[in-house]
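Q: Please guide me through reading a structural model, one feature at a time.

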Amino acid sequence: LSALLATVHPECRDELRDALEHCATEHEPLRYLRTPLAEPVGAIRVIEWFAEAEDRPGGARVVHGTAQNVTPEQELEAELATRARQQAALARFGSEALVSADFASLVESAVGIVAGILEIEHTGVLEFLPDGESLLLRAGRGWDEGLVGELTVPAGRRSYAGYILEVGEPVICEDFSEEERFTPPERLLDHGLTSGAVVVIAGDG
């Protein structure tokens, strides 16, 4: 039993041990118990366990069972659950936008929703200022105290924000240290950020 339990993630070993012992002592089948492996074996990361107890001559009782790879099903279920959360969050935001005329409240809600949906620490909304040369961090999550509502970034061609405004489409940077299209803002690097994704929010003007 110890060797079997060692293949399972440490946080799930007690659960599997208790389930197998219950199967043996109560003679009740074990069905559909899923546990992650301690270490993935190729593409196999999640196992579903089935077991039954059998009485044999002489009073012996043995437990035999099978383990099935359910990694694809687990990943699909997780993806569907994530999409459901995303859709629910967007629906709530859409309802809020229909009844609220408070721009500041809406952008605060937006950065919170994005941070929650994507499970990231840093989000922000930059507002293009009338001077045409800079943008203001209007709302955000994860930034040092005092930056939101005060920090401005340049909108020049070589700047991150300026490049995004120029191309007018979503921009993804997988590694700021290797970026050649623009110069990553120092504030991003100061916060330990190594990658980012930005989209333009079109206004009436």
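Q: At what angle do helix α3 and helix α4 pack, and how far apart are their axes?

A: This is a predicted model, in which local features need pLDDT of at least 70, side-chain atom pairs count only at pLDDT 80 or more, and totals for chains, interfaces and linings use all residues. Residues are numbered from 1 along each chain as its sequence is written, and side-chain values use heavy atoms, with hydrogens and water left out. Axes are lines fitted to C-alpha atoms, for helices over the stretch in contact, and angles run from 0 to 180 degrees between N-to-C directions. Helices (H or I, at least four residues) and strands (E, at least two) are DSSP runs, numbered from the N terminus. Here α3 (residues 71-99) and α4 (residues 103-118) pack at about 180 degrees, with axes 10 Å apart. The pair is therefore roughly antiparallel (angles over 145 degrees).

Q: Which residues of α3 and α4 make the contact?

A: Contact means heavy atoms within 4.5 Å. Helix α3 contributes Gln86, Ala89, Phe93, Glu96 and Ala97, and α4 contributes Ser105, Leu106, Ser109, Ala110, Ile113 and Ile117.

Q: Is His191 buried or exposed?

A: Buried means under 20% relative accessible area, and exposed over 50%, with a 1.4 Å probe and protein chains only. His191 has 16% relative accessibility and so counts as buried. This residue lies in the loop between α6 (186-190) and β8 (196-198).

Q: What does the side chain of His191 reach at 2.8 Å?

A: The side chain of His191 reaches the backbone oxygen of Arg187 at that distance.

Notes: Angles under 35 degrees count as roughly parallel, over 145 as roughly antiparallel, 65 to 115 as roughly perpendicular and the rest as oblique. A polar contact is a pair of N or O atoms within 3.5 Å; within protein, one must be able to donate a hydrogen and the other to accept it, and residues adjacent in sequence count only if both atoms are side-chain atoms.
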